[in-house]
Amino acid sequence: MTGEGSGRPRLGGERIPPPEWFRRQATVSDPDVYDAFESEWPDCWRRAGDLLSWDDDPETVFRGGETPPFEWFPDGRLNASYNCVDRHLDERKNQRALVWEGPLGDSRSYTYLELHREVNEFAAALRDLGVGEDDVVTLYLPMVPELPVAMLACARLGAIHNVVFAGFSADALAERMARADSAYLVTCDGYYRRGDAIAQKNKADNARLALDHDVEVVVLDHLGQGVHLGPGYHDYGDLVADHAGAEVDPVARDAADSLFRIYTSGTTGEPRGVTHTTGGYLAHVAWTARSVLDIRPEDTHWCSADIGWITGHSYIVYGPLALGTTTVLYGGTADHPEKDRLWKLVDRHAVDVFYTAPTAIRAFMKWGKEHPARHDLSSLRLLGTVGEPIDEPTWRWYREHIGGGECPVVDTWWQTETGAILVSTLPGVDPMKPGSAGRPLPGIGAAVVDAGGEPVDPGESGELVLTRPWPGMPRALANGTGWGARDGRRTAADADSSDSVAPSESPDAGPWRYHPEDGAVADAEGYLTFLGRIDEAVNVAGRRFSTMELESTIVGVEGVAEAAVVGADDESTGTAIYAYVAPERDAPEADLRQRIRDAVEDAIGAVAIPAAVVFTPDLPKTRSGKVMRRLLRAVANDEDLGDTSALRNPEILGELRSRTHDK
Ligand code: WT7
């Protein structure tokens, strides 16, 4: 992987131009957009700011030098709830803003006018509970319409929402509330997941007991069975009824004021909090929802993520609603009650744009193409993926069986920290290359560098760095507090990234950079193929192999559903490659192990042949679906597992340990 012969990423594969029918209607189709952004930087970002309605129009797009502080739209003032709701009333008050599909086949929708009413009433209720500007309101709700309503109600008041994924435990909730110093909590009685009732309020009660400050709790009676409310508790329905018809003026916020706080999904050690801004963030998500996801008001957009993660914040709630489109909120799972559930909903709602994760697509592949084939998916115009690299076979299956062989597919790279998409093809401009995400978007500065920070040549792998600030950057990074002021590396102090942590001195004297900590390789046209987290690369006998490349080779072997590769300590080679493989049902294991070894030898070289191939029914995954390689590494090395609270399937760990050590 470092260009020492073996293991070069296979680049220069097929190049698929944007279909002509798509290009003709695309929101962005002029190839000059790249040059225009380049020559006008940073003022180019005015195009993003212009998608919003401002109380005070920003005269300045960007203020800053070579190092933080960086200020986006510094003299602009705006309200995010006004931008996502009120301003659409003139033209589309009767258009649906939200379509909610529940887990049990129940559904509800809200027009922009109805959303306006709900948001205002709940904002009035929160205000009467004492919520004001910059107070942190924790939202511990599953995928119910009241979640985006509550987010927008907070935004209306200038309060900071802190959404905690509903599947997290009481301890995880308490920790995230304590770190955020949050004295308000909105939760619900319970909800259904795969047919099981989850007692959400019990978890919230326990978290409240664990906190040493007072908390006002609002409980939504989602299941409609009545809830017991002690002191400090309020019923959501009663609060809203008491404020029927109330209107709350949207509070004008400085562009740099906080809109929300969120924790990263936690594949590595501690959860990390990130705070996003009102102006830069909203401009960046609106711009990318429009230019990358090609969303316009008349569309129905479905991002299948959970709002508990940044993907849901940016591309279920803020991006689509800022653009005045119809956004789908799905509270169920993809295989319940049947494995064709998503496709039934695409058909029912004539979804135009569908955005999901590669891990979900791999599950669809495993379930079989007959499930999407039963439904009319011809409404789809564009498909997107996010969250991890998408290997070529998965990309092709998605385009063929979901996109009818016609829809462009955008592979979008970004992070909780980046707020919005930074790398992707522009589907109306750029050719697609399966297996590669694309170039950095117009206006985004990025480079692939070696360990010494020097740029590497095309075809050589290295670490991706961002070389310029971008509007959706988090507050602490823009302020230079919490991230190394120059080198943009996370520091120990920013584990919580609150805006008040002291600036850390960086030894680097070079230009400012942000380190996302992802490995990447660029081709001659600047298209980036992502190679996984840099801490997940495996170094065998002095050669670095990307986990991503090994895994895509293994996943390409017939009979393999999923694979994850980690390094285990080895006396002779330093590190030995352990491959954890989930076979498709009924695949013969003995033969499969040999075929995996052969495939790796052919594609990468003998030195990369896994020392162990461990079969497992499932890989350890976070609740957002990311493989926790850290845990596999701990299992392979027989080490302590550390914090496993982000894990969705803890029961798999014992099994993995015994299979690893009896092999
Ligand atoms: C990490 C960020 C951004 C929303 C979801 C995840 C990986 C994300 C891609 C992609 C390759 C990707 C990176 C990144 N990642 N998108 N298209 N190709 N890798 O947010 O939990 O903050 O995770 O996800 O490793 O650093 P997150």
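Strand E27 and strand E28 (residues 574-583) pair in the antiparallel sense, and 10 bridges join them. The model in which this pairing is found is predicted, and its chain holds 21 helices and 29 strands.

- Strands of a sheet pair through backbone hydrogen bonds, and the sense of pairing is either parallel or antiparallel.
- In this open sheet of three strands the order is E27-E28-E29, and the pairing is mixed.
- Strand E27 (560-570) and strand E29 (612-615) are the edge strands, since each of them pairs on one side only.
- From one strand to the next, the twist of the sheet averages 25 degrees.
- Helix H18 (residues 547-555) packs on the sheet and touches both E27 and E28, while the direction of H18 makes about 140 degrees with that of E27.

**Helix H9 and its surroundings**

- Helix H9 spans residues 200-210, and its buried residues are Gln 200, Lys 201, Lys 203, Ala 204, Ala 207 and Arg 208.
- When H9 is seen down its axis, these buried residues fall within an arc of 155 degrees, and therefore they line one face of the helix.
- Asn 202 and Leu 209, by contrast, are exposed and lie on the other side of H9.

**The chain as a whole**

- For 663 residues a compact globule would have a radius of gyration near 26 Å, and the 24 Å of this chain agrees with that expectation.
- Taken along the principal axes, the box filled by the C-alpha atoms of the chain is roughly 70 × 55 × 55 Å.
- Of the 663 residues in the chain, 54% count as buried.
- Among the contacts in the chain with a separation of 6 or more, 68% are accounted for by residues 24 or more positions apart.
- The chain is divided into domain 1 (31-333) and domain 2 (537-663), and the C-alpha centres of domain 1 and domain 2 lie 37 Å apart.

Terms used
Residues are numbered from 1 along each chain as its sequence is written. This is a predicted model: local features need pLDDT of at least 70, side-chain atom pairs count only at pLDDT 80 or more; totals for chains, interfaces and linings use all residues. A residue is buried if 20 or more other C-beta atoms lie within 10 Å of its own, exposed if 12 or fewer, and partly exposed in between; C-beta atoms are placed from the backbone. Helices (H or I, at least four residues) and strands (E, at least two) are DSSP runs, numbered from the N terminus. The arc is that of the directions from the helix axis to the C-beta atoms. The radius of gyration is taken over C-alpha atoms; the globule rule is 2.2 Å times the number of residues to the power 0.38. Two residues are in contact if their C-beta atoms, placed from the backbone, lie within 7 Å. Two strands pair if DSSP finds at least two bridges between them. Axes are lines fitted to C-alpha atoms, for helices over the stretch in contact, and angles run from 0 to 180 degrees between N-to-C directions. Domain bounds come from an automatic or database domain assignment.
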